[in-house]
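The following exercises ask you to read a metal site and its surrounding sheets from a coordinate set.

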Amino acid sequence: MPANRFAAISSEPNILTDIYREEINLSVWQCTLSQALNSEVADLLNTASELQLSIALTPEQTIDELRGASALFADKPALSAHLAMLVDMFCTLFELKRAGLRLTLLNKAMCPKFHVDHIPCRLVSTLGGVASQWLPHDKVDRSKLGLGSKGKKDHESGIYSCGSDIQQLNTGDVALLKGSGWLGNEQGALVHRSPAPAAGETRLLLTLDFID
Ligand SMILES: [Fe+2]
C-alpha cells in the first residue's frame, strides 16, 4: 500500500517548493492574472484559430526566444513576461538550464480521461478557459487507470465513486503535477484530466517540462 499523497495549495508562490515533499503530489500557486495579461489572452483566444507552440527556452533569454519563435508575442508583453517568470521559477526549482514550453489553444479536451503522467513533474497552467481536473489520492481507485478502465468512460469505470470527488484548478493557477517518473512516486502520481470546453469555447494551456 503506497503512502498517502496530498495537495499543497496557496496564494503564495513559495508553495511550489512543497512538491519536493514526499507526501505531496500536487502543489498549486493560486496566481491572479493581471488585467493586462487577461486581455492579451482574451485577444489570443478570439483571434488565433490554431496555436501549438513547442519550444525549448532558457530562463535568461525567454522573452527573446518567444519573439523568435512566434510573431504573436510581439504585441503580448504581459503574456511574454508571465511566461518568462514561470520558466525562471521552473528552472530554478528543478535546477534546469532549459525548459520545454508548450502553449496550446484547445477547443476539445486534449487528455479527456483521468490518467497519470509517466514523467517526474510537469508545470501546468490554464491561462484562459476551463482549467484541469484532478482526483485526491484517497478518492481514486488506481486499478481503474488505463487498461483497468476496460474502455469505460470515467463516470462508468469506478475510478472515482462520487462526482464531488473531482477537484478543479482555476484559470491562472500554476500547478506542479508530480508524475510516476518521480523517484518513489510510482504509485502516487497525480491523477488528472483536461475538461472538455463547452461548444465554441477554447482554452489556452501552458505546460513546462524537463528537457535534456
Ligand atoms: Fe497529463
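**Exercise 1.** Where is the place of His115?

Solution. The model is a predicted one, in which local features need pLDDT of at least 70 and side-chain atom pairs count only at pLDDT 80 or more, whereas totals for chains, interfaces and linings use all residues. Residues are numbered from 1 along each chain as its sequence is written, and side-chain values use heavy atoms, with hydrogens and water left out. Helices (H or I, at least four residues) and strands (E, at least two) are DSSP runs numbered from the N terminus; with these elements assigned, His115 is found in the loop between E4 and E5.

**Exercise 2.** Determine which atoms coordinate the iron ion, and relate them to the chain.

Solution. Donors are N, O and S atoms within 2.8 Å of the metal (3.2 Å for Na, K and Ca), and since water is not among the atoms, sites may look incomplete. Under this criterion, His115 (NE2), Asp117 (OD) and His192 (NE2) coordinate the iron ion at 2.2 to 2.3 Å. Asp117 lies in the loop between strand E4 (99–106) and strand E5 (121–128), while His192 belongs to strand E9, so this pair ties together parts that are 75 residues apart in sequence. Along the chain, the donors follow the spacing H-x1-D-x74-H. Both Asp117 and His192 are buried, where buried means under 20% relative accessible area, exposed over 50% and partly exposed in between (1.4 Å probe, protein chains only).

**Exercise 3.** Identify the polar partners of the His115 side chain.

Solution. A polar contact is a pair of N or O atoms within 3.5 Å; within protein, one must be able to donate a hydrogen and the other to accept it, and residues adjacent in sequence count only if both atoms are side-chain atoms. The side chain of His115 reaches the backbone oxygen of Lys113 at 2.9 Å, and it also makes a polar contact with the side chain of Asp117 at 3.2 Å.

**Exercise 4.** Describe the sheet that contains E9.

Solution. Two strands pair if DSSP finds at least two bridges between them. The open sheet has 3 strands in the order E7-E6-E9, with antiparallel pairing, and its edge strands, E7 (167–168) and E9 (191–193), each pair on one side only. Strand E6 (residues 133–135) pairs with E7 in the antiparallel sense over 2 bridges, and Trp134 has Gln167 in E7 as its bridge partner.
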